[in-house]
Amino acid sequence: MSLDLTALSAYTDENKMPLVRKAILGGKTLGLITVQPDIKSSAAINILEGSAVFQAGACGFDASGTTTLTQRILSVAKIKQNEAICVDDLEAFYTQTMMKAGSYNEEIPFAQLYSEEKAARSAKAIEKLVWQGDTAGSGNLAMTDGLIKVIDAESAVVTGTTKALDAANIIDAVDEMYSAIPEDVLEAEDLHLFMPMEKYRVYTKALRDANLYHYSIADGDFEIMIPGTNVKAIGVPGLNGTDRIFLCEASNLFAGTDLLNEQEEFKIFYADEADEVRVINKFKLGFNVAFPERIVSN
């Protein structure tokens, strides 16, 4: 006589390991550029430009020079996420060990972890939207036009390089971008070369391979001062997969929103009439630039 266990499934203790949220590479660009809040639909980026015209010193007054006031419109799109969860469905799985006793399941047993996961996923999606948004596209990226589309529509943008961003050419391409900076932008204190993270890796490896070991790493990941310049090269996830790089003052890039950090707020509540937990996330977002002529693009 022996044991016959063929009718049983192998036991797996799923409860010993806590539910762990995957680490998601979050948003980066919104922490660098100018964010303009309190926009319900659209608002103006108010621009003042003046000239300095000298004259020979003498009696009398001869007016010269001009001051020009212009505007660029920053429009925001209304964006939301809605999700419904039937908590009763969790009773059939290992998640039942996290649930309160009783049949009235009115809350997600791992609500904090759920909120953190949603916020992290949203941050990653928004980071991509910042750069690659296109209302002519589909999915998340169709919510609003991102900075690539905005910048490409401006004829005043300076073309810095047409070289491929590969190991053989990327150092020269970056140098050409720097050389193309307009003269009156050179002394700006917040010049950034925004690039895909994968191109940042190609660039820093090319510097090492060229024995340029004297370069200095800036604070934080995927940031480096371009040797001999006042420009910080920075890899941003939102540009991944695009082969696009942009050199400009970070403050020249604008994101419009209604309430700061509103995209991080998730409302989770029990809907009694539907016997389900509902999740709502609503925010507004849009993008523009103030001075296209001060931007260098490949």
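Which residues do ring pairs link into a cluster? They are Trp131, Phe194 and Phe246.

## Before we start

This is a predicted model, where local features need pLDDT of at least 70, side-chain atom pairs count only at pLDDT 80 or more, and totals for chains, interfaces and linings use all residues. Numbering starts from 1 along each chain as its sequence is written, and side-chain values use heavy atoms, with hydrogens and water left out.

## The ring cluster

Let's look at the rings. Two rings of Phe, Tyr or Trp (its six-membered ring) pair if their centres lie within 6.5 Å; planes under 30 degrees apart count as stacked, over 60 as edge-to-face and the rest as tilted. By that rule there are 3 aromatic pairs. One of them joins Trp131 and Phe194: the pair is tilted, with 5.4 Å centre to centre and 50 degrees between the planes. Trp131 sits in helix H1 and Phe194 in strand E6, 63 residues apart. (Helices, H or I with at least four residues, and strands, E with at least two, are DSSP runs numbered from the N terminus.)

Trp131 also pairs with Phe246, this time stacked, at 5.5 Å centre to centre and 20 degrees between the planes. Phe246 belongs to strand E9 and Trp131 to helix H1, so this pair ties together parts that are 115 residues apart in sequence.

## The nonpolar cores

A nonpolar core is a set of buried Ala, Val, Leu, Ile, Met, Phe, Trp, Tyr and Cys residues joined through side-chain atoms within 4.5 Å. The largest one here has 26 residues, and Trp131, Leu147, Ile151, Phe194 and Leu253 touch the most other members. Elements that each supply at least two residues to this core include helix H1 (111–132), helix H2 (147–152) and strand E4 (77–85). Apart from it lies another core of 23 residues, with Ile181, Tyr200, Leu207 and Ala233 among them.

## One side of helix H3

Helix H3 covers residues 170–179, and its Ile170, Ala173, Val174 and Met177 are buried. These four lie on the same side of H3 because they cover an arc of only 95 degrees around the axis, taken from the directions from the helix axis to the C-beta atoms. In general, an α-helix has 3.6 residues a turn, so residues three or four places apart point the same way. Among the elements covering the buried residues of H3 are strand E6 (191–196) and helix H4 (197–209), where contact means heavy atoms within 4.5 Å.

How values were computed. Buried means under 20% relative accessible area, exposed over 50%, partly exposed in between (1.4 Å probe, protein chains only).
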